[in-house]
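I opened a new notebook page for this chain.

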Amino acid sequence: MRHGEDAEVYINGVLAVTSPGLSRIYAPYALSPEALASLHPGENTFAVHVRHEDFEAHFADLGLVDVLWPESEKAGQ
């Protein structure tokens with residue numbers, strides 16, 4: 001996600017991510033356990049709220065990625 005000031009992301013009405021300040025580069029964020037649990041097959045609803053104090057910071061861009069870790073990395077090996 002990359003965004004203007006103070007971003008909040010909701011998935012299916014559940015708060016998934018908060019990111020304070022301005023994000024000048026794309027960065028990964030872990031979703032809250034509640035937001036992960038709200039995901040389901042088919043359509044899901046995403047909503048993004050970004051505070052607009054700075055005239056140049058009126059943006060948000062994000063994507064959802066499912067990362068599959070090898071079993072050895074899950075166990076911390």
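I count two residues as in contact when heavy atoms lie within 4.5 Å. With that in hand, I looked up how far the contacts reach: of those in the protein chain with a separation of 6 or more, 48% are between residues 24 or more positions apart.

Ground rules. This is a predicted model, in which local features need pLDDT of at least 70 and side-chain atom pairs count only at pLDDT 80 or more, while totals for chains, interfaces and linings use all residues. I number residues from 1 along each chain as its sequence is written, and side-chain values use heavy atoms, with hydrogens and water left out.

Entry: the fold. I take helices (H or I, at least four residues) and strands (E, at least two) as DSSP runs, numbered from the N terminus. On that basis I find 2 helices and 5 strands in the protein chain. Their order along the sequence is β-β-β-α-β-β-α. I then looked up burial, where buried means under 20% relative accessible area, exposed means over 50%, and partly exposed lies in between (1.4 Å probe, protein chains only). The protein chain has 77 residues, and 21% of them are buried.

Entry: salt bridges. My cut-off is a side-chain nitrogen of Lys or Arg within 4 Å of a carboxyl oxygen of Asp or Glu. How many salt bridges does the structure hold? I find 2. One of them joins the side chains of E5 and R51, at 3.5 Å from N to O. E5 sits in the loop between β1 (2–3) and β2 (7–11), and R51 in the loop between β4 (46–50) and β5 (60–61), so this pair ties together parts that are 46 residues apart in sequence. E5 is buried at 15% relative accessible area, whereas R51 is partly exposed at 32%.

R51 also forms a salt bridge with D6, where the closest N and O atoms are 2.6 Å apart. This pair, too, links distant parts of the chain: D6 is in the loop between β1 and β2, R51 is in the loop between β4 and β5, and they are 45 residues apart. I noted D6 as partly exposed, with a relative accessibility of 25%. Through shared partners, the salt bridges join E5, D6 and R51 into one network.

Entry: the core. I use "nonpolar core" for a set of buried Ala, Val, Leu, Ile, Met, Phe, Trp, Tyr and Cys residues joined through side-chain atoms within 4.5 Å. Which residues make up the largest nonpolar core? I list 8 residues: M1, A7, V9, I11, A16, V17, A35 and V50. The elements giving two or more residues to this core are β2 and β3 (14–19), and β2 gives the most, with 3 residues. In soluble globular proteins, nonpolar side chains tend to be buried together.

Not counting residues up to four places away in sequence, V9 touches M1, V14, L15, A16, V17, A47, V48 and L62. A16 lies in strand β3 and is buried, at 5% relative accessible area. A16 and L36 are 20 residues apart in sequence, and their C-alpha atoms are 7.8 Å apart.

Entry: I found S32 in the loop between β3 and α1 (33–38). Is S32 buried or exposed? S32 is buried, with a relative accessible area of 15%. Beyond its neighbours within four places in sequence, S32 is in contact with L15 and A16.

A60 lies in strand β5 and is partly exposed, at 39% relative accessible area. Leaving aside neighbours within four places in sequence, A60 is in contact with R2, H3, V48 and V50. A60 and G4 are 56 residues apart in sequence, yet 6.3 Å apart in space, C-alpha to C-alpha.

Entry: the pocket. On a 1 Å grid over the protein atoms alone, a pocket is an open set of points where a 1.4 Å probe fits, with protein on both sides within 12 Å along at least five of seven lines; lining residues have an atom within 4 Å of a point. Grid points are joined across faces, edges and corners, and the volume is the space filled by probe spheres set on them. The largest pocket comes out at about 490 Å³. I count 18 lining residues, and Y29, L31, G63, L64 and V65 lie nearest the centre of the pocket.
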